[in-house]
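Okay, everyone, thanks for coming. Let me put the structure up on the screen, and then I'll walk you through a few spots.

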Amino acid sequence: MPDRILYGYWRSSAAYRVRIALNLKGLEYQQRSIHLVKAGGEQHTAAFQQLNPNQLVPVLVDGDMTLNQSLAIIDYLDETYPQQLLTPTDREQRYLVKALAQDIAIDIHPLNNLRVLQYLSNSLDVADTDKMRWYAHWIEHGFSALEQRLSQTHGRYCVGDQVSLVDVCLVPQVYNAKRFNVDMSPYPIIESVTASLNHLDAFQQAMPEKQPDAER
Ligand SMILES: N[C@@H](CCC(=O)N[C@@H](CS)C(=O)NCC(=O)O)C(=O)O
């Protein structure tokens, strides 16, 4: 058994990013499922808070290191296991990859995270239809800008023909958007890059439905 444990959840976009990165680097790992919904959410248990007081997945335990924040985890993986670098060494490309990845992971994803949607419903009494408008609004805002930026940068993947951190962030965000029935027709580049990425084994093996804790 590998000395590497990923605490995640099949539908967590941030855990999905880390699964893709581990797969791209050919690193084996065990998975521990933290059910984000059952019984109020296992991320809130005292046991999980020992791993991450922020009560969010993923957490990666790699030997004697316990890591949270998917972008920081992937940075650590790039430094520790430099095969298949996800942030290029070239200065300009590196900046571009980081900026685009952050457009997704920092500016789009957190607004639609489970705890934000739950707060809208449970504490602010926002109706389900309005909550879905909130969800779609932030996806559309972020994807419109991303589509424009990718028109300048994309090849087969988001930045040229090399798989990068941007791709690792994009695929889970698109999965999430489709799950919430966002119309993807205004984003043909995002759609075509995502389709190319989803042909790759590392991305296929990371798909939510393929995870041991997937529910049908
Ligand atoms: N910035 C964090 C975000 C982590 C995050 O938002 N995780 C979500 C799943 S994608 C979560 O654990 N949500 C639980 C909750 O909202 O209660 C990262 O990139 O790791």
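So, let's start with helix 4, residues 91-108, and helix 6, residues 128-153: they pack at an angle of about 170°, and their axes are 10 Å apart. Angles over 145 degrees count as roughly antiparallel, so that's what we call helix 4 relative to helix 6. Keep in mind that this is a predicted model.

Who's touching whom here? On the helix 4 side you've got Y95, L96, A99, L100, D103, I104 and I108, and they meet W138, I139, G142, F143, L146, R149, L150 and T153 in helix 6. Sort the residues of that contact by type and you get 11 nonpolar, 2 polar and 2 charged.

Next up, aromatic rings. How many aromatic pairs does a search of the whole structure find? It finds 5. I'll show you two of them.

One is Y9 with W10: the ring centres sit 6.3 Å apart and the planes are at 70°, so this is an edge-to-face pair. Are these residues buried or exposed? Y9 comes in at 7% relative accessibility, so it counts as buried, and W10 is buried too, with a relative accessible area of 2%.

The other pair is F143 and Y187, with ring centres 5.6 Å apart and planes at 80°, so that's edge-to-face as well. This pair links distant parts of the chain: F143 is in helix 6, while Y187 is in the loop between helix 7 (165-179) and helix 8 (188-197), 44 residues apart. Both F143 and Y187 are buried.

Now over to S70, which lies in helix 3, residues 70-80. S70 has a relative accessible area of 4%, so it's buried. Which side chain does S70 make a polar contact with? That's R17, at 2.8 Å. Leaving out residues up to four places away in sequence, S70 touches A14, R17, V18 and P58.

Last stop: H44, in the loop between strand 2 (30-33) and helix 2 (46-51). With 36% relative accessibility, H44 counts as partly exposed. The side chain of H44 has a polar contact with the side chain of Q43, at 3.4 Å. Skipping residues up to four places away in sequence, H44 touches Q49 and Q55. H44 and Q55 are 11 residues apart along the chain, and their C-alpha atoms are separated by 5.6 Å.

Okay, that's my tour. Happy to go back to any of these spots.

Definitions and conventions:
Residues numbered from 1 in each chain as written. Heavy atoms only, no water. Axes fitted to C-alpha atoms, helices over the stretch in contact; angles between N-to-C directions. Helix = DSSP H or I, 4+ residues; strand = E, 2+ residues; numbered from the N terminus. Parallel < 35°, antiparallel > 145°, perpendicular 65-115°, else oblique. Contact = heavy atoms within 4.5 Å. Nonpolar A, V, L, I, M, F, W, Y, C, P; charged D, E, K, R; others polar. Phe/Tyr/Trp six-rings, centres within 6.5 Å; stacked < 30°, edge-to-face > 60°. Buried < 20%, exposed > 50% of the residue type's maximum accessible area, 1.4 Å probe, protein only. Polar contact = N/O pair within 3.5 Å; in protein donor to acceptor, adjacent residues only side chain to side chain.
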